[in-house]
Structures are given as C-alpha cells and as structure tokens.
Amino acid sequence: MTTVSSYASHVRIHLIPALGDIKLEDLTAQPIRDMFDTIEARNVVITHELALIAKARAEYAEWKKQYGRRPGQPKAGSKPPPVPAPEVPKREPHPQMRPVMPATMHRIRATLCSAPAPTSRSSRRSWASPQSS
C-alpha cells in the first residue's frame with residue numbers, strides 16, 4: 001500500500017464520515033477525539049464479532065469431524081446427526097471491518113495533519129472537499 005492509497009483509505013473510512021461536514025478552519029480537538037472514541041467503540045464490536053465467529057467455526061469443525069463433511073453429506077456408516085450443523089454468523093458490511101491498531105491510529109492522525117491549511121477566510125470549504133486547481 002502506498003502512502004497516497006493509505007491516506008485515501010483513512011480519509012474515506014474514518015475522516016470523511018466523522019469530520020466531513022466541518023470546515024477546516026472550524027475543526028477543533030473535540031470532533032477528532034469523538035472520531036477516535038468511535039473507532040475504539042467499533043474495535044470493541046469487531047473484537048466481539050470475531051470471537052463469536054471463531055467460536056462458531058470451532059463448533060462447526062467439531063460437528064464436521066463427528067458427522068461428516070457438510071450438512072447433507074454424512075460420513076459413510078455414521079448415524080444422522082442429532083442436531084443440525086452450527087451456523088457460522090455473517091458480519092454486516094461496514095467500512096471498518098478490522099480492528100484499528102495503535103499504529104494505524106497514529107497514521108490517521110498523520111493523515112489529518114497533512115490536510116492543507118486554508119489560505120484565507122474567504123475560502124470556507126469543508127476540509128474533505130476536493131481542492132480546486
């Protein structure tokens with residue numbers, strides 16, 4: 001991943017959803033803290049989801065070892081399973097699908113710091129809006 005693609009990813013996934021409506025000159029520390037709090041909260045959700053999926057996969061592996069390759073394809077000579085195969089939950093799509101680690105949080109801060117400063121008060125644009133050439 002290049003620096004440009006990394007910055008683009010940080011902007012798309014974290015900065016625009018959290019800060020996109022705030023003018024650059026109006027940006028304060030509180031919305032930035034709120035963004036990082038939101039990222040931390042999402043990390044807790046992701047960790048919980050991944051733990052549930054890992055548990056379900058382990059249960060399915062045990063079921064498969066005992067009763068056959070897949071539901072509906074039992075091992076030769078085995079009894080029908082007394083219980084159906086465990087379901088492995090699916091995760092809802094979300095821009096942040098993996099936990100954001102401290103190094104990535106640091107890079108998100110660096111991305112935010114690299115935003116160009118406005119040249120005058122008359123150029124009141126959202127920091128996330130495209131720059132005009």
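Student: At 48% relative accessibility, does Glu-62 count as buried, partly exposed or exposed?
Tutor: The model is predicted, and the value is computed from it. Glu-62 counts as partly exposed because 48% is not over the 50% that the exposed class requires.

Student: Which residue does Glu-62 form a salt bridge with?
Tutor: In general, side chains of opposite charge can pair when their charged atoms come close. Here Glu-62 pairs with Lys-65, and the closest N and O atoms are 3.4 Å apart. The two residues are 3 apart in helix α2, so about one helical turn separates them. Lys-65 has 54% relative accessibility and therefore counts as exposed.

Student: How many salt bridges does a search of the whole structure find?
Tutor: The search finds 3. One of them joins Glu-59 and Lys-55, with the closest N and O atoms 3.8 Å apart. These residues are 4 apart in helix α2, again about one helical turn. Glu-59 is partly exposed at 37%, and Lys-55 is exposed at 53%.

Student: Which side chain meets Arg-91 in a salt bridge?
Tutor: Glu-49 does, at 2.9 Å from N to O. Arg-91 sits in the loop between β2 and α3 while Glu-49 belongs to helix α2, so this pair ties together parts that lie 42 residues apart in sequence. Arg-91 is partly exposed at 22% relative accessibility, and Glu-49 is partly exposed at 21%.

Student: Now the helices. At what angle do the axes of α1 and α2 cross?
Tutor: The general idea is that two packed helices are described by the angle between their axes and the distance between the axes. For α1 (residues 3–19) and α2 (residues 29–67), the axes come within 10 Å and the crossing angle is roughly 130°. That makes α1 oblique to α2. The crossing is right-handed.

Student: Which residues make the contact between α1 and α2?
Tutor: From α1 there are His-14, Leu-15, Ala-18 and Leu-19, and from α2 there are Pro-31, Ile-32, Met-35 and Ile-39. Sorted by class, the contact has 7 nonpolar residues, 1 polar residue and no charged ones.

Student: How do the axes of α1 and α3 cross?
Tutor: Those axes also come within 10 Å, and they cross at roughly 80°. That makes α1 roughly perpendicular to α3. On the α1 side, the residues are Tyr-7, His-10, Val-11, His-14, Leu-15 and Leu-19. They meet Thr-104, Arg-107, Ile-108, Ala-110, Thr-111 and Leu-112 of α3. The contact divides into 7 nonpolar, 4 polar and 1 charged.

Student: Where does Val-100 lie?
Tutor: Val-100 is in the loop between β2 (73–74) and α3 (102–113). Its relative accessibility is 8%, so Val-100 counts as buried; the cut-off for that class is under 20%.

Student: Which residues does Val-100 touch, not counting those up to four places away in sequence?
Tutor: Val-100 touches His-14, Ile-39, Asn-43, Met-105 and Ile-108. Sequence separation and spatial separation should be read as two values. Val-100 and Ile-39 are 61 residues apart in sequence, but their C-alpha atoms are 7.2 Å apart in space.

Key:
Residues numbered from 1 in each chain as written. Predicted model: local features only at pLDDT ≥ 70, side-chain atom pairs only at ≥ 80, totals over all residues. Heavy atoms only, no water. Buried < 20%, exposed > 50% of the residue type's maximum accessible area, 1.4 Å probe, protein only. Contact = heavy atoms within 4.5 Å. Axes fitted to C-alpha atoms, helices over the stretch in contact; angles between N-to-C directions. Parallel < 35°, antiparallel > 145°, perpendicular 65-115°, else oblique. Left-handed = near helix turned anticlockwise from the far one by under 90°. Nonpolar A, V, L, I, M, F, W, Y, C, P; charged D, E, K, R; others polar. Salt bridge = Lys/Arg side-chain N within 4 Å of Asp/Glu carboxyl O.
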